[in-house]
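Okay, thanks for coming, everyone.

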Amino acid sequence: MAVRSDLSKQEPYNLITYVDSAKLPTQFGMFQMNGFLERSTGKEHLALVYGKLDPSEPVLIRLHSECLTGDALFSARCDCGFQLAKAMENIVEKGSGVILYLRQEGRGIGLLNKIRAYHLQDDGADTVEANERLGFAADMRDYTFCKGMLGHLNIHSVNLMTNNPRKVNALIKAGINIAERVPLQEGNNPHNAGYLKTKANKLGHMFAADFIN
């Protein structure tokens, strides 16, 4: 406890504050929901833990940025909700793991700007062009504080479910040890085919050829 107290005063552990935890029953299984506050922004983030974590082994995790439209409203114009469901299913199937649910809507531009970006996409822009026309970078997210969340859970090494090389690089830069990248290819449909191809062609997302063709 003394070591954890000392670490909580150092970066990146001092970037977040642990608040409380409670059970979260889901259609996939029973998770433990841990709440954190990001000090610099006031944003509230979650760590959903399933099963007993072994600190000596890489933990299966997903860093999932909030997508209200995909996660809660079942939108088919992105793959977010599909990925979240599959990640939770994979964790339960393995027996343990963690979802870090991060309040970084619209790759960090926020919900209302995301709607504006969607309007531009409706008029023909792709997802990167829409963000840039609004004056934003293609991806505004920051993952530095995630090490503090993982540290609180005593996680030292992860198997990361993602297709995004930028996310891999950001976590490595934040000092998070990635033992393995686990592909998470879900949700291809007629409404998001162009979106997925833009992810691959402009953002470097690693998809199997038969997934986006």
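Let's begin with the lining of the largest cavity: its residues divide into seven nonpolar, twelve polar and eight charged. Before I go further, keep in mind that this is a predicted model.

The volume comes out at about 390 Å³. If you search the whole structure for cavities of 30 Å³ or more, you get one.

Where does the lining come from? Strand 4 (59–65), helix 3, helix 4 (111–122), helix 5 (127–133) and helix 8 (193–203) each put in at least two residues. Helix 4 gives the largest share, with four residues.

Now helix 3, residues 80–94. It has 15 residues, and at 1.5 Å a residue they should span 21 Å; the end C-alpha atoms are 21 Å apart, so that agrees. Which of its residues are buried? Those are Cys80, Gly81, Gln83, Leu84, Ala87, Met88, Asn90 and Ile91. As a reminder, in an α-helix there are 3.6 residues a turn, so residues three or four places apart point the same way. And just after helix 3 you'll find Gly95, with a positive phi of about 110 degrees.

On to the rings. The count of aromatic pairs comes to two. Tyr18 and Phe36 have ring centres 5.6 Å apart and planes at 65 degrees; the cut-off for edge-to-face is over 60, so that's what this pair is. This pair links distant parts of the chain, with Tyr18 in strand 1 (residues 16–25) and Phe36 in strand 2 (residues 30–38), 18 residues apart. Tyr18 is partly exposed, at a relative accessible area of 31%, while Phe36 counts as buried, at 2% relative accessibility.

Then there's Phe31 with Tyr50: centres 5.2 Å apart, planes at 50 degrees, so we call that one tilted. Here too the pair links distant parts of the chain, from Phe31 in strand 2 to Tyr50 in strand 3 (residues 44–50), 19 residues apart. Buried or exposed? Phe31 and Tyr50 are both buried.

Last item, a charge and a ring. What sits over the ring of Tyr118? The charged end of Arg77 does, 3.9 Å from the ring's centre.

That's it from me, so over to you.

Note on methods: Residues are numbered from 1 along each chain as its sequence is written. This is a predicted model: local features need pLDDT of at least 70, side-chain atom pairs count only at pLDDT 80 or more; totals for chains, interfaces and linings use all residues. Side-chain values use heavy atoms; hydrogens and water are left out. Rings of Phe, Tyr and Trp (its six-membered ring) pair if their centres lie within 6.5 Å; planes under 30 degrees apart count as stacked, over 60 as edge-to-face and the rest as tilted. Buried means under 20% relative accessible area, exposed over 50%, partly exposed in between (1.4 Å probe, protein chains only). A charge sits over a ring if NZ of Lys or CZ of Arg is within 6 Å of the ring centre and within 35 degrees of the ring normal. The expected span of a helix is 1.5 Å times one less than its number of residues. On a 1 Å grid over the protein atoms alone, a cavity is a set of points where a 1.4 Å probe fits but cannot get out, and a pocket is an open set with protein on both sides within 12 Å along at least five of seven lines; lining residues have an atom within 4 Å of a point. Grid points are joined across faces, edges and corners, and a volume is the space filled by probe spheres set on the points. Ala, Val, Leu, Ile, Met, Phe, Trp, Tyr, Cys and Pro count as nonpolar, Asp, Glu, Lys and Arg as charged, and the others, Gly among them, as polar.
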